[in-house]
Amino acid sequence: MAEPKNEDFLDSLANAEAEELADEMSEISSEDAELDSLRAERDMLKDRFMRALADAENARKRSEKDRREAENYGGSKLARDLLPVFDNMKRALEAATEEQRTVSAALIEGVELTMREMQNVFAKHGIEIIAPQVGDKFDPQLHQAMFEAPVPGTKSGEIIQVAAEGFLLHDRLLRPAQVGVSSMPAS
């Protein structure tokens, strides 16, 4: 009879060890599950942080670009409004006859000085004059064709007359040069 008690004791010991092992395994399983959950949360937060960092960098670059553009092109409306003033002063100087130049030399000199100063201010602020010459090739990016005419001795697409100069603000077109273009057919 002593043996059955010993077997019961060994069975209960084996059962206790199995239960303890099962408890440990469940604790390990729950710890692993919790650890996996924490790793997933860490990865998600790391991803969100990296995206937020990239968004902040993109916003910084975009605002820097916007600031540069505002600095370079912010005065384009004012510059565009000053172009007719430049044109009128140039026409006034071109219209002055030699007689008027001798009679009103001081006035003409004042207008010429004002024109030079205006050109200096334009250059200081990145405004460049587009001054095509007769015989140059027509460029639709810089010129506006005001008319076409077949002029003997010219090729199709050559500038035959310059009506008004054009202007660039840095690399942007403020106003195209207004020109007449030859439409002479190829012979």
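**Reading the sheet and the cores**

Student: In what order do the strands of the open sheet stand?

Tutor: The order is S2-S6-S3, an open sheet of 3 strands with mixed pairing. Strands are DSSP E runs of at least two residues, helices H or I runs of at least four, both numbered from the N terminus; strands pair if DSSP finds at least two bridges between them. The model is predicted: local features need pLDDT of at least 70 and side-chain atom pairs 80 or more, while totals for chains, interfaces and linings use all residues. Residues are numbered from 1 along each chain as its sequence is written, and side-chain values use heavy atoms, without hydrogens and water.

Student: Which strands are at the edges?

Tutor: S2 (143–149) and S3 (159–164), each pairing on one side only. Neighbouring strands are turned by 25 degrees on average, direction ignored (axes are lines fitted to C-alpha atoms).

Student: In which sense do S2 and S6 pair?

Tutor: S2 and S6 (residues 177–182) pair in the parallel sense, over 6 bridges. His 143 stands opposite Ala 177 in S6.

Student: How do I read the largest nonpolar core?

Tutor: In soluble globular proteins, nonpolar side chains tend to be buried together. A core here joins buried Ala, Val, Leu, Ile, Met, Phe, Trp, Tyr and Cys through side-chain atoms within 4.5 Å (buried: under 20% relative accessible area, 1.4 Å probe, protein chains only). Of its 15 residues, Phe 86, Phe 122, Ile 127, Phe 167 and Leu 174 touch the most other members. H2 (76–95), H4 (105–124) and S4 (166–169) each supply at least two, and the largest share, 5 residues, comes from H2. A second, separate core of 6 residues includes Ile 130, Leu 168, Ala 177 and Val 181.

Terms used: Buried means under 20% relative accessible area, exposed over 50%, partly exposed in between (1.4 Å probe, protein chains only). Axes are lines fitted to C-alpha atoms, for helices over the stretch in contact, and angles run from 0 to 180 degrees between N-to-C directions.
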